[in-house]
Every structure is written in structure tokens, then in C-alpha cells.
Amino acid sequence: MSAKKILYGLFDDEEILLKAVKGVRAEGVRISDVHTPFPVHGLDEAMGLRMTKLHSAGFIFGATGTLTALAFITWISTVNYPINYGGKPYFSLPAWIPITFELTVLFSAVGMTLTYLYLNRLAPGIEPRVLDNRLTSHMFAMTFELEEDTPSEKREEIRKMLEAQGAVEVHEKDFDQ
Amino acid sequence: MFVSPIREPLIQGHKTYAQMTEDIIGPVEAKPTKTWMMAVTFTGLLAIVGFIMIGLTITYGIGLWGLNKTIGWAWDITNFVWWIGIGHAGTLISAILLIFRQKWRTGVNRSAEAMTIFAVMCAGLFPLIHMGRIWLAFFIFPYPNTRGPVWPNFDSPLLWDVFAISTYFTVSLLFWYVGLIPDLATVRDRATTAFRKKMYNIFSFGWTGTAKQWQRFESLSLVLAGLSTPLVLSVHTIVSFDFATSVIPGWHTTIFPPYFVAGAIFSGFAMVLTLMLVVRKIFHLEEYITLAHIESMNKVIILTGSIVGVAYITELFTAWYSQNQYEQYAFINRSMGPYWWSYWGMMTCNVISPQLFWIRKLRRSVVFTFFMSVVINIGMWFERFVIIVTSLHRDFIVSSWSYYTPTVVEIFIYLGTIGFFMTLFLVFAKVAPVIALAEVKSILKTAGDQYIGAGAKHGHHEEETSKPGHYETLIKPQ
């Protein structure tokens, strides 16, 4: 992709924003994204976003942890180097529950966090595309990606619609990539 | 959204989102004050002295401590359990209270989580230096080796502890940092100097707050909370197994896991209060950490303090009812033997004093709460000392009976960890927002004093909620 043009409207309240998101979608216009300074409840549903599958990843990582711990400890204690501790059986499952539990939690938390960072494109050194410095403080933005050949009437139309929906400011911004 | 009239506002001063950013990010941007510089110098020096003492211990061995053949665990393990206990409040506040949908959590969770991480760091130091030969510390991990391979003993609570504490540290760190990313992005976007912009750009990981990012953020927070809840209970349970699975009278009891967990939350909340009352004053955050927050924490202190009190009395009852003379002697000796002062110190600080919080006026007094928070932490330190040292000093053979007093080295290692902890906390409070800004903003409409409580003046909120459709989007719990 070459240069990308983004048209965005700024809102100063999440309740107005929520209504605007529904209003714009009702008019059949596709919203590219919405930026908010804090999680706004109901926004994902209003935008028609699918529920994230992150928690499924958490379950898979957790199950991997459980199996890793059980398999590894069983192999060590019964096959690789069995040692008799106080007459207990080599395969003493109840004593292994704590470590199995800890590794389940560890694998799940670490795996899920890494998945989260990957999906959200978060890593040290990534240059964010900041539309407006107030978006992490007290402003909310609804954005529309424009193509090179988007007619100016279309832009005007979106502008008008944003203002009608309660946007306090409307801007355009170019990004290199 | 309906808010019960008995709910007190959690954000005072008719705040707007812009003002909240200003109030909470402001202290990060301001030049360090003289008080901060002096405090950090003092705690830093204390930490350095502590590390010198640790260096001496590693060089000359733990013969520098007051341990002897009978009393092989004393201040070191006491300090370890004390710090781990303190480290329980952060995860309790951020995980268990998230699941219980307690909104007051948002005002204190960030600092409590930071405190958890720093406390666990201090705790981890003690078993390591107690090993004597710290350079062989990697022996505790299961790795293929040339000695057989001989693996660590997976049936031992000491190994469970290694896994529990390292998992707890990792998960707490992830939970804390994931929450910190959006707030660091706020600092980045407000930065006026190139250096600050660059640094916060690196640490905020390129966050822009899109709807999808927040959706995943919420999903991750909820699952991490769900994982951390049993985790926090497991950690102190496993620490208590270090004692409970042994055959020492006074340690060998099944009551230990719940008793240790309650004690940990009790001392952790006390430490959160100690720190928050200072932070609130220095950074002028009285409008975000209100008397309602302090009262809620004091209620948790009454509950956990009472559980601890019941546990102490249950131990005495069980010793009598068991008719086991060794168990009975252990408890008579605790309260009337050579260490009677530590037992009664513990009883006064932990059982009697938190009951004063039944009085509403005291629960809502900042000065009294601060005083009590220090008393409770002293009491909880005594508890661990009582359990560890008094149970050990009367060995099975009378000729092995002994007495323990700490050496200067041990005292300064302990004080050094307090200095280290405070230094880390002071640095954290200077470079990162001490209040979870994004989370506090998300409760403004349901907990701000212009929307609820006696001073509420915005009527429009109720009107809007009466419309169908809108209500459904807001009814989703926070």
C-alpha cells in the first residue's frame, strides 16, 4: 500500500459516539475503525465486531501446560530416574497437582498475552499511527479510510453525516504506509 | 444504568475526562519534587546497605546470621513469608475484585499490582540467599544434567513453591503491564519533549486504542483475572505447605492453607493502605482515592483479620482437644515460653486492633487507618516469626533446646529489602500513572459525583437510560 488517507470525526462523549456509530451504520456507511481513550461497553456490538477468540487461545495454551507438566513429571519420576521418596509410589499424582496447576496457569497467561500482543500489533518500537493526541485522553474518533479515487462528493457526504451525528471536529490525515 | 442510592461516588470533584488525564498524568510529567528526591535517596541508601549485607552473606556464608543447629529457619524465612503475603493484595484487588465487579478496585489496582511485583521480588531474595551457595540456585529447576540426571523432587512442597512463586511473579507482571500499556500511550501522546516521547513510545508498544484492541484487552483482562484468582490462593497455600507437610508440632496442621491465605490478604491490604495514603497525599489524588475506597479496604481488613483471629483460637482449641502433649506444649510454649512477647505482639496487632474498624468513624479516618496499617504489618511479621522460630527452638531432645537472636547482618538485610521495595515503588510512582487512568475513566458515568450521590446534577443520564436499546448497551457490567 502506498499513501493512505483517513477521514475522521472527533467526538467528546462516549454516549454520543455510540449513538453515532449506530446511526452511521444504519445509513449503510462502512466505519473503518473507532479510537477511544478507554474501553466503551457495547461499542464492539454497535460496530458489529466479532467476539475475539483470544480466550480460546488461552484455553489451548493452558491445556498444553497441563499436558506438558503431567507428561514431563511422569516420565522423570517413573521412567528416567525413579527415586523412592519415603515409600511413596513412583507415580504419585496427588503430589504433582500443584506444579501441574501452576504450569497450566503459566502457559495460559504467557501464551495468551503473547497472542494478544501479536494480534493487536503491539511491541516495543512499533511506530503508532496517531490520528490525534487527544485520542488517548478525552476524545473519541470514528475513522473512514479513503481511496485515491474517492470522489470529493463522497467525502463531503461523510463529513456532513459525521457532523449531523454529533462530531465536534472532522479532519483528514495522510499516512505513508 | 441503575446505581443503588447507597453507593458513594468514587470520583469526586465533577471531573471531565480531560481533567482526569491532567490530574493523573500531571505528576508523571512534573519535575521530581524535593521530598521525592530525599525519600528516594534515603530508601536507595537503605537498599544499598542491604545489598552490601547480602554480599557479605554470600562471601562468608550464612554463618553471619544468628541461625544454629536447632533454629535453621528464622528471620530469612519470616521475611520471605511476610513479603509474599504482602504481595497477595495486588492480585486480589485486580483479579478477584474484577470478577466481583467492584468498581472501587479501579482507583487502587495499579499501585497494588506494582506493590505485588516489588514485594515478590523482595520475597524471592530470601530463599535464594538462604541457600548459601547462591551460584548453584539453578539446581532447583528441572533441567537435563550430568548428575544422573538427578531431577528435583516433584513430591516436595519446596519445589512446588519454586513453581508457584515464579508463576505468580510472571503472571502478576503480565497483568500489570498489559494494563499499563494504554496509560503509557496517554503519556506518550501528551509528551512535550523528544526524549519523553521516544521513551514512552517504546514502552507503550504502539497502542492507539482501536475498538478491536480494547475488545481484546477486555477479554485478556477477564481471563487473566480468572487465572489469577485460583493462582493467588494457590501461592500462599503452597507456602503454608512448606510448614504443614512437616512433622514439627505447631506446623503440622491442616488449618494452615486458609489461615495463611487470609493472613496474606490481611497484610497485603494493610501495605496497600500504607502506600496509597502517602501517594494520595503527595500527588493530591484525594478525589480518586476517596474515603469510600479506604472504607472498602478497611472492611476487607476486618474480614480477613477476623479470619486470622479465629484461626489462632482454633489452633489453641485443636491443641487442647487433640490431647496430643507435643502439640499442647508447642502452644503453651508459644504464649508463655521465652518468645511470649512475640506471641502477644501478634495477638494484639492482628486480633484485637482490627476489630476497632467496626466503628465507622475510625474506618473513615485517614490518620487512624494509616496507623493501623503499620500496626497490622508489624503484627503479621510477628505471626510468621512466632510460627517459624517458636516452633523450632524447643527441639525434640532437651539438649538441643536453643534461643535465636538476629545478627546485625540479618537486621540490615531485612531493612534493606524495605528500602529496595520503597525505592522501586517511588520510581514507579514517578514514571508511570499510579492510577489506572483508562479504567477510572470507564467508571466516571456510573461513579462520578456529578452522576450519583447527593451532589449529582446531571439529570440527562437517567433520561437516556430510559430509552430502550440504549439501556442494553449500558447494562453490560463494567
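## Exercises on a predicted two-chain model

The centres of domain 1 of chain A and domain 2 of chain A, taken over C-alpha atoms, are 46 Å apart. This is a predicted model: local features need pLDDT of at least 70, side-chain atom pairs count only at pLDDT 80 or more, and totals for chains, interfaces and linings use all residues. Residues are numbered from 1 along each chain as its sequence is written, with chains lettered from A and ligands numbered from 1 in written order.

**Exercise 1.** State the bounds of the domains of chain A.

*Solution.* Domain 1 covers 4-50 + 137-175. Domain 2 covers 54-119. The bounds come from an automatic or database domain assignment.

**Exercise 2.** Find the strands that pair with β1(A).

*Solution.* Start with β1 (residues 4-11) and β4 (residues 169-175) of chain A: they run antiparallel, joined by seven bridges. Strands are DSSP runs of E, at least two residues; pairing needs at least two DSSP bridges. Here Lys4(A) stands opposite Phe175(A). Next, β3 (residues 140-146) of chain A pairs with β1(A), antiparallel, over seven bridges. Tyr8(A) has Thr143(A) as its bridge partner.

**Exercise 3.** Describe the packing of α9(B) with α10(B).

*Solution.* Two packed helices are described by the angle and the distance between their axes. Helices are DSSP runs of H or I, at least four residues. The axes of α9 (residues 256-282) and α10 (residues 291-322) of chain B come within 8 Å and cross at roughly 145°. Axes are lines fitted to C-alpha atoms over the stretch in contact; angles run from 0 to 180 degrees between N-to-C directions.
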